[in-house]
Amino acid sequence: MVTIEPVLQLAAKYRGEFEQAFGGLRNRAQNIRQTVQEQVATSQQQFHSMQPQLSAKKDELIQTFTNMGPVEGVQHKRIMETFTWAGVLNVAAFIGGIIGSFLLSYILGPFFSAFPIFVATYIAAPVMVFLEIRKASANDSVLRLKMLAVAAGQGTLIGFLISERYLSTMQPILFVTPLCIGLIAQLAESKVLNNRTHIFAACLGSGLAVHLFLGFVLGQLGFSYLLLSLLYTALGYGTLQLFFKYMASDYTQPTHVYQYAFFCATIYCQALVFFLFGGPYHAVEHHVG
């Protein structure tokens, strides 16, 4: 006689196991949802508690960038030292870029993709340098030479990265703005004194004027050229404002962070314009052909 009792028992066993498993999953899902809700609520509370601080920081930053009052205790020599070395970093990157665009594109191009080089250039190298700058025992000349070596390496890799892209016009020379800021701040010291507006007009105006003059002479006053020229000038303005704010209390403190931060900001602006408004180089070759 055929009995189905074992079959029913096995089915009941499996059903119980499935119900237990689904019940466990349901409980876990509820626990996860509750945990997520608690985390979201905690994050919202932390955000709300930080809003006054964030608002104060925002107001402080706006006040810093809009401050046009006299510069307290300004030392034009320190401005010159800071921005001329920032210019030297840009010179190294400029030379490295020429080497990278003509040499590395042929050596590394067939073997390496652009992404790891992009990460190394725009993320890894800056993090490494800023960590080095934070070391209190860092020697001034040694640290500046390290920054110079890294900037040259970054410029070489940037040359490789942008070798396959083109702009409708040439790009402004990277080192014009910082060198003009540094040199004019010292040369015009007796004229500008501590007048912030006069310092900006002399230092930033001279840099922008040189960019425009070179662009006009070379016939390169296109959109991308003008945009980069204005961006470099804006970076100079922002860096000077931060420099005046945080160096006012003690002009003897190191200025490496301003030098390298300005350099990084220029190459970030350059990358932004190249990858937003630049086209693939092979398209030019195809069009010309």
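Let's start with a pair of side chains: those of Lys146 and Glu132 meet in a salt bridge, 3.1 Å from N to O. The pair links distant parts of the chain, with Lys146 in helix α4 (residues 140–161) and Glu132 in helix α3 (residues 114–134), 14 residues apart. A salt bridge here is a side-chain nitrogen of Lys or Arg within 4 Å of a carboxyl oxygen of Asp or Glu. Side chains of opposite charge can pair when their charged atoms come close.

A quick word on what you're looking at. This is a predicted model, where local features need pLDDT of at least 70 and side-chain atom pairs count only at pLDDT 80 or more, while totals for chains, interfaces and linings use all residues. Residues are numbered from 1 along each chain as its sequence is written, and side-chain values use heavy atoms, with hydrogens and water left out.

**More on the salt bridges**

How many salt bridges does the structure hold? There are five. Glu132 and Lys146 also belong to a network of salt bridges that includes Lys135.

Another bridge joins Lys245 and Glu60, at 3.3 Å from N to O. Lys245 lies in helix α8 (residues 223–247) and Glu60 in helix α1 (residues 5–66), so this pair ties together parts that are 185 residues apart in sequence. Then there's Glu81 with Arg78, whose side chains meet at 2.8 Å, N to O. Those two sit three residues apart in helix α2 (residues 76–107), so about one helical turn separates them.

How covered up are these residues?

| Residue | Relative accessible area | Class |
|---|---|---|
| Lys146 | 42% | partly exposed |
| Glu132 | 22% | partly exposed |
| Lys245 | 34% | partly exposed |
| Glu60 | 27% | partly exposed |
| Glu81 | 30% | partly exposed |
| Arg78 | 15% | buried |

**The chain as a whole**

Now zoom out. The protein chain has ten helices and two strands. Both kinds of element are DSSP runs numbered from the N terminus: helices are H or I with at least four residues, and strands are E with at least two. If you read along the sequence, the pattern goes α-α-α-α-β-α-α-α-α-α-β-α.

Why is the chain called more spread out than a compact globule? Its radius of gyration is 29 Å, well over the 19 Å that the globule rule gives for 289 residues. That radius is taken over C-alpha atoms, and the globule rule is 2.2 Å times the number of residues to the power 0.38. Along its principal axes, the C-alpha trace spans about 115 × 60 × 40 Å. Of the 289 residues, 34% count as buried.

**What the record says**

UniProt, in an unreviewed entry, places the feature "transmembrane region" at residues 85–108, 114–133, 145–163, 169–187, 199–219, 225–248 and 260–283. Its positions are given in the numbering used here, feature names are shortened, and annotations may be inferred rather than shown by experiment.

Two of those spans can be checked against the model. Residues 199–219 are 90% helix and 0% strand, with end C-alpha atoms 30 Å apart. Residues 225–248 are 96% helix and 0% strand, and their end C-alpha atoms lie 34 Å apart.

**A nonpolar patch**

Which residues make the nonpolar surface patch of about 740 Å²? They are Met170, Leu212, Phe213, Phe216, Val217, Leu218, Leu221 and Leu226. Patches are made of residues with over 30% relative accessible area and no salt bridge; like charges are joined within 9 Å, and nonpolar side chains (Val, Leu, Ile, Met, Phe, Trp, Tyr) within 5 Å. The areas come from the Shrake-Rupley method with a 1.4 Å probe, and for residues only the protein chains shown count as cover.

Helix α7 (residues 196–217) gives the most to this patch, with four residues. Phe216 is in helix α7, and this residue is exposed at a relative accessible area of 63%.

A disulfide is a covalent bond between the sulfur atoms of two cysteines. With the cut-off for a pair of cysteine sulfur atoms set at within 2.5 Å, the count comes to zero disulfides. For Cys180, the nearest cysteine sulfur is that of Cys203, 8.9 Å away. Cys180 is buried at 15% relative accessible area, and Cys203 is buried at 1%.

Finally, look at Leu193, in the loop between α6 (189–192) and α7. Its phi is near 50 degrees, a positive value in a residue other than glycine.

Terms used: Buried < 20%, exposed > 50% of the residue type's maximum accessible area, 1.4 Å probe, protein only.
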